[in-house]
Amino acid sequence: MRHYPAGVTVVTLNCARGPVGFTATSFASLSLDPPLVSFNIAHTSSSLSGLLEADSVVIHFLGEHQQHLARRFSRIAEERFTDHSLWTTLDTGEPVLHGTPIWMRATVHRLIPIGDHTLIVGLVTRVHDNTDEKPAAAPLLYYDGRYHRPSSLAD
C-alpha cells in the first residue's frame, strides 16, 4: 500500500487521561446523507485506548505546509500535546490544532475491529472551513513512506 498516495489527517480527541491525537492516512468519506466518514487505527497504537473511550473526534485535513504536525502526531504520544501554542479545545472538549483551515468534528458512530486495525465510522456534526478567508493550501500527501507536496510527486 506504500505505492498508493493518501491525504494526511490528524485525529484528535479528549479522554479521561487528557488529549490524544495521531496521524492518519486512512481517512475516507462514506456517506453524504447521513454525513459519515471513516479512518482506522492499528491495534498496537498508543492512541487506541483513548479512542475507544471517546464519544467524538476532530479530524484535521493537513496542508502541504503542515508536515511538522504530521510528524509530531506520529511520534511519541507523550510529546504530541506538549506545545500548547499549537492547539486549543472546542467547547465540547476536543483539541483543535491551530492553522488547520479545514477540520470536522464527528461523533463515534461505529467501531469495527477488523484484522489488526479498528475501523472508526464517524457521524459529522460540525465542519470548519475557512479556506474562503485565505487561499487554500495544497494537501499534504503520504506516499512511499514519506510526506510529499503534490508538486514533488511530479518531479
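Leaving aside its neighbours within four places in sequence, with which residues is Ser56 in contact?

**Solution 1.** The model is predicted, so that local features need pLDDT of at least 70 and side-chain atom pairs count only at pLDDT 80 or more, whereas totals for chains, interfaces and linings use all residues. Residues are numbered from 1 along each chain as its sequence is written, and side-chain values use heavy atoms, with hydrogens and water left out.

Contact means heavy atoms within 4.5 Å, and on that criterion Ser56 touches Leu13, Glu94, Arg105, Ala106, Thr107 and Val108, its neighbours within four places being set aside. Ser56 belongs to strand β6, where strands are DSSP runs of E with at least two residues and helices are runs of H or I with at least four, numbered from the N terminus. Two of these partners also make polar contacts, that is, pairs of N or O atoms within 3.5 Å in which, within protein, one atom must be able to donate a hydrogen and the other to accept it, and residues adjacent in sequence count only if both atoms are side-chain atoms. The side chain of Ser56 meets that of Glu94 at 2.3 Å and that of Arg105 at 3.3 Å. Ser56 is buried because its relative accessible area is 8%; buried means under 20%, exposed over 50%, and partly exposed in between (1.4 Å probe, protein chains only).

**Exercise 1.** Describe the nonpolar cores and the aromatic cluster.

**Solution 2.** A nonpolar core is a set of buried Ala, Val, Leu, Ile, Met, Phe, Trp, Tyr and Cys residues joined through side-chain atoms within 4.5 Å. The largest has 18 residues, of which Val11, Leu13, Phe22, Phe39, Leu51, Val57 and Ile59 touch the most other members. Elements giving two or more residues to this core include β2, β3 (18-24), α1 (48-53) and β6 (56-61). A second, separate core of twelve residues includes Val8, Phe73, Trp87 and Leu97.

Turning to the rings, Phe73, Phe81 and Trp87 form one aromatic cluster, and both Phe73 and Phe81 are buried. Rings of Phe, Tyr and Trp (its six-membered ring) pair if their centres lie within 6.5 Å, with planes under 30 degrees apart counted as stacked, over 60 as edge-to-face and the rest as tilted. The pair of Phe73 and Phe81, at 5.2 Å centre to centre and 80° between the planes, is edge-to-face.

**Exercise 2.** How many helices and strands does the chain have, and what share of its residues is buried?

**Solution 3.** The chain has three helices and twelve strands, and buried residues make up 39% of its 155 residues. Among contacts with a separation of 6 or more, 62% join residues 24 or more positions apart.
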